[in-house]
Amino acid sequence: MGLLQLLKSQFLCQLIICYVFLASGLIVNLLQLCTSPLWLINKQLARRLNVRLAYCISSQMVAALEWWSGTECTLYTDPKSYSLYGNENAIVVLNHMFEIDFLCGWTFCERFGVLGSSKVLAKKELAYVPIIGWMWYFLEIVFCKRKWEEDRTTVAQSLQRLQDYPENFWFLLYCEGTRFTPKKHQISMQVAESKGLPKLKYHLLPRTKGFWVTVQNLRGTAAAVYDSTLNFRNNEVPTLLGILNGKKYHADLYVRRIPLELIPEDEAECAAWLHKLYQEKDSFQEHYTETGCFPGPIVSPARRPWSLINWLFWSCLLLYPLALLLIQLISSGSVLTIVVSAAICYAASAGVRWMIGQTEINRGSNYGNKEVPLNKN
Ligand SMILES: CC/C=C\C/C=C\C/C=C\C/C=C\C/C=C\C/C=C\CCC(=O)SCCNC(=O)CCNC(=O)[C@H](O)C(C)(C)COP(=O)(O)OP(=O)(O)OC[C@H]1O[C@@H](n2cnc3c(N)ncnc32)[C@H](O)[C@@H]1OP(=O)(O)O
Ligand SMILES: CCCCCCCC/C=C\CCCCCCCC(=O)OC[C@@H](O)COP(=O)(O)O
């Protein structure tokens, strides 16, 4: 292990990264709250401000991936589509198999200049996660309860609000609705069988309603669907804790740009179209397993320095007062103050650990885990 790698694996370094993230995140959340009156006066300006404020938070996680862990992200795509990425609104359909797939998505957002404005159809539980969830509220992220009776109107309304969004955005949709586990896979394949659909090896059966409602409500707003399939080299199982430990991974992302006009308007046809898309995605994963690469040329955008610069800015701003505070604390000699401070530090690190836990598949939800009564025809 090299010296740098040893340094990266030190708990103190990770504690500093988490402290900067936590303190800056709460400051940004507060600034976002301060933009509330502006929404009434100049909504577009409020949105633009919030895009930049959100960048301050999400780019720190991107910096951890790109600069701290040195993870490499390779893009396989058609060079003709490449010039459109970042210059139009798009719906991104991504497989949901890895704990850091959202972070790799964010990395590509950063490289194409849409990180601050990127959106997702997220489960409601994430709205309550401090910093990220609160940041999302001001970014007009679309939340769902994964209960169609309740979601059908709320999701459509939230999507309609994005029609006059002043910045280009990518709207991420994990059509599988939950992360891949062997049990969820087995159950969803029973559903596939009951519907007469071919079995998938690497994906759960996609939920089609969210996709249909998104496409219908973003017609005229988004230009295309970016069908994206992610995998990691050497059968690695990447984690956020691994990233914080400075572990380097290598992600490969295959993206196909599909103009929105090609997607059927009728709900049943749209559902059939999505099922076919997932069968194709499955064949790309099979190709990856067999050959170690995706079909199609590599056109990788380079990482940009902005996420690192943002992190250095917040570090300088926040580490100096922390150092002063620590010196004062030690020189005060008060046991009570030291004990209280240690308790606050412990509570903060437990909070960050809980947030990291939100990304862990073994702490995931039970959605898709319940056997459903099947009508076999
Ligand atoms: C150039 C570079 C390109 C790309 C870069 C990549 C990405 C970057 C882009 C943007 C980044 C932005 C942000 C990223 C940051 C963070 C993201 C973090 C995470 C958030 C993610 C989540 O929270 S995922 C969970 C929430 N999302 C979803 O669930 C979406 C999918 N779900 C749906 O669409 C659902 O339909 C629904 C949620 C709208 C409603 O769900 P509900 O369960 O109520 O209803 P359904 O109708 O779907 O279910 C009933 C039907 O499903 C059948 N069924 C039953 N059991 C199963 C089963 N186990 N599997 C499959 N299907 C099942 C059932 O038979 C019913 O069938 P019908 O025929 O009646 O439809
Ligand atoms: C600069 C580094 C800072 C390190 C500290 C980071 C602390 C913040 C960590 C995480 C913030 C929360 C990110 C939320 C994104 C989680 C994405 C996700 O994968 O959600 C799961 C959802 O799709 C499906 O859930 P289930 O599979 O049904 O359950």
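**Note on the predicted model and its two ligand shells**

1. Ligand 1 is surrounded by 40 residues, of which the closest are Gly105, Gly177, Ser188, Arg207 and Gly210; a residue is counted here if its C-beta atom, placed from the backbone, lies within 6 Å of the molecule. This is a predicted model, in which local features need pLDDT of at least 70, side-chain atom pairs count only at pLDDT 80 or more, and totals for chains, interfaces and linings use all residues. Residues are numbered from 1 along each chain as its sequence is written, while chains are lettered from A and ligands numbered from 1 in the order in which they are written.

2. Which elements each supply at least two residues of the shell around ligand 1? They are the helices α6 (101-111), α8 (148-161), α9 (182-194) and α10 (209-217), together with the strands β2 (90-94), β3 (119-123), β5 (170-173) and β6 (224-232). Helices (H or I, at least four residues) and strands (E, at least two) are DSSP runs, numbered from the N terminus. Helix α6 gives the largest share of this shell, with five residues.

3. By class, the shell around ligand 1 holds 26 nonpolar, eight polar and six charged residues. In this division Ala, Val, Leu, Ile, Met, Phe, Trp, Tyr, Cys and Pro count as nonpolar, Asp, Glu, Lys and Arg as charged, and the others, Gly among them, as polar.

4. Ligand 2 has 23 residues around it, and the closest are Phe21, Thr178, Arg179, Gly364 and Ser365. Two or more residues of this shell come from each of α2 (11-34), α4 (43-68) and α14 (335-357). The shell around ligand 2 divides into 15 nonpolar, six polar and two charged residues.

5. The chain contains 14 helices and seven strands. Its radius of gyration is 22 Å, close to the 21 Å that the globule rule gives for 377 residues, so the chain is as compact as a globular protein of that length. The radius is taken over C-alpha atoms, and the rule is 2.2 Å times the number of residues to the power 0.38. Along the principal axes, the C-alpha atoms fill a box of roughly 75 × 55 × 45 Å.

6. Buried residues make up 37% of the 377 residues in the chain. A residue is buried if 20 or more other C-beta atoms lie within 10 Å of its own, exposed if 12 or fewer, and partly exposed in between, with C-beta atoms placed from the backbone. Of the contacts with a separation of 6 or more, 81% join residues 24 or more positions apart; a contact requires C-beta atoms, placed from the backbone, within 7 Å.

7. Helix α9 has 13 residues, which at 1.5 Å a residue should span 18 Å, and its end C-alpha atoms are 19 Å apart, in agreement. The expected span is 1.5 Å times one less than the number of residues. Where do the buried residues of α9 lie around its axis? Lys184, His185 and Ser188 are buried in α9. These residues cover an arc of only 95 degrees around the axis, which puts them on the same side of α9; the arc is that of the directions from the helix axis to the C-beta atoms. The face turned away from the buried side carries the exposed residues Pro182, Lys183 and Gln186. After α9 comes Gly196, with a positive phi near 70 degrees.

8. Helix α13 (residues 306-332) has 27 residues and reaches 39 Å from first C-alpha to last, close to the expected 39 Å. Its buried residues are Ser307, Trp311 and Trp314, and what covers them includes α2, α4 and α6. Gly333 follows α13 and has a positive phi near 70 degrees.

9. Ile131 has a positive phi near 70 degrees and lies in the loop between β3 and α7 (132-138). Ile131 is buried, with 20 other C-beta atoms within 10 Å. Glu140 has a positive phi of about 60 degrees and lies in the loop between α7 and β4 (142-144). Glu140 counts as partly exposed, with 16 C-beta neighbours inside 10 Å. Most residues other than glycine have a negative phi.

10. Ile258 lies in strand β7 (residues 250-259) and is partly exposed, with 17 other C-beta atoms within 10 Å. Not counting residues up to four places away in sequence, Ile258 touches Ala224, Val225 and Asp227.

How values were computed. Two residues are in contact if their C-beta atoms, placed from the backbone, lie within 7 Å.
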